[in-house]
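Open the structure in your viewer and keep the selection tool ready. The tour goes from stop to stop.

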Amino acid sequence: MPHFEYFRMVLTRCSTCFECLDGARVRRFDMMEMTVSDMFDRKKTADGARLPMPADFSLIAGPCSAESLAQLRAVAAFLEDLRRQGYPVEALRAGVWKPRTRPGHFEGYGEKALDWLRQIRAEFPDLPLMTEVAVPAHAEACLKAGIDRFWVGARTVSNPFTVQALADGLRGSGLTIRVKNPVSPDLALWIGAMERLEKAGLKVEAVHRGFGLYNAAPYRNAPLWELPIELKRRCSGLRVLCDPSHIAGQARYVAEVAQLAVDLEMDGLMVELHPAPETALSDAAQQLTPEAFASLLHQLCFKHTHTNSDRLETLRRLVDEADRELIGVLARRFDLVRQMGAVKKEENLSVLQLPRWQTVLEQRTEWAQAMGMSPEFVKALFRCIHTESVNLQR
Ligand code: PEP
Ligand code: MN
């Protein structure tokens, strides 16, 4: 789509609400007064420079499921157009075999979809194609059809036998394989799956698609951002992409999740898009129209990762001091807790005194709230401190 067209589209959207690139919601403003250059101004960082999307940022997009040749052709043409506009589109994604949570739903067109992808490969030879493989036979069929990028889905990653079978099937191919997080928030399982594939000589990257908690509202899957962050910390150099579609579960939340992923320095996005999402055979609610995806890309804000100014360093040194004091205070608390443990032993008292714990939790929450802290945070913090205190007294 030419740039001008989606400027127009974004401007139209902005007449009701503009999702600022810093993540803050800006009040409704008059569309008539807004020009394209205003939009660019809103996207500038504090030092005035508008940062482009980094060239090594991976954009992977396409329908949840391959549904027809026409559907794939429309998406491929759209992605090629984005590429021509300079966006780092890496591949078209499309599911051929769909792992559905419950039976009786559309499970993908299988071989028929592979034929369509073969055709797309012939028509768009420069656009890599990517699909989900769950068993070695899938990978074999895909390689024959000329599909060169794969991902392992959340349900498959949860099963080490299946992941090992895939690793054995792809051994020596040297392909890049994207590994989604398992459905449960289990970092070791995620890392273990990547290790199995890496040991088979594959290049591995991770995809964060959220976790299937009982209540992930307002999203479909809970992002639990601390997990992909911890993954990056433990596996230094590992590229971690984000799949905001499966986190969000609804098209209207995809852009905000994508922006958060960029803010947290994820290395790319894997987004579901469909020429007519309302007719999609799987994940209809979360798929974006090509126009909405273009708008999302246009609004994504990239920031500097480093600065030469020393303002931040000065504040960091003060934070270091505050943390040292905090640890000192905690050490004093745990010392008192140990002494209390000795008294409890001598007087034959149980370690956990529920009414006391209840008072501690309520009172600390009140104190912290009076100092402007969030009650959820303080409760979580004191649950953690209390667990350690109980352990020290056992
Ligand atoms: C998908 O990408 O369409 C998919 C099924 O993903 P996940 O394994 O994350 O549910
Ligand atoms: Mn899907």
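Select Lys-232. This residue is partly exposed, with a relative accessible area of 24%. Lys-232 sits in helix H9 (residues 226-234) and Asp-267 in the loop between helix H11 (251-263) and strand S10 (268-272), so the pair ties together parts 35 residues apart in sequence. Helices (H or I, at least four residues) and strands (E, at least two) are DSSP runs, numbered from the N terminus.

A note on what you see: this is a predicted model, where local features need pLDDT of at least 70, side-chain atom pairs count only at pLDDT 80 or more, and totals for chains, interfaces and linings use all residues. Residues are numbered from 1 along each chain as its sequence is written, chains are lettered from A and ligands numbered from 1 in the order written, and side-chain values use heavy atoms, without hydrogens and water.

Next, select Glu-90. It is buried, with a relative accessible area of 14%. Glu-90 is in strand S4 and Arg-178 in strand S7 (residues 176-180), 88 residues apart.

Move to the manganese ion, ligand 2. Its protein donors are Cys-64 (SG), His-246 (NE2), Glu-272 (OE) and Asp-283 (OD), lying 2.1 to 2.4 Å from it. Donors are N, O and S atoms within 2.8 Å of the metal (3.2 Å for Na, K and Ca); water is not among the atoms, so sites may look incomplete. Cys-64 and His-246 are both buried.

Last stop: ligand 1. Select Lys-180, which has a polar side-chain atom 2.8 Å from an oxygen atom of ligand 1. For Arg-209, a side-chain N or O atom is 2.6 Å from a ligand 1 oxygen. For Glu-272, the corresponding distance is 3.1 Å.

Conventions. Polar contact = N/O pair within 3.5 Å; in protein donor to acceptor, adjacent residues only side chain to side chain. Buried < 20%, exposed > 50% of the residue type's maximum accessible area, 1.4 Å probe, protein only.
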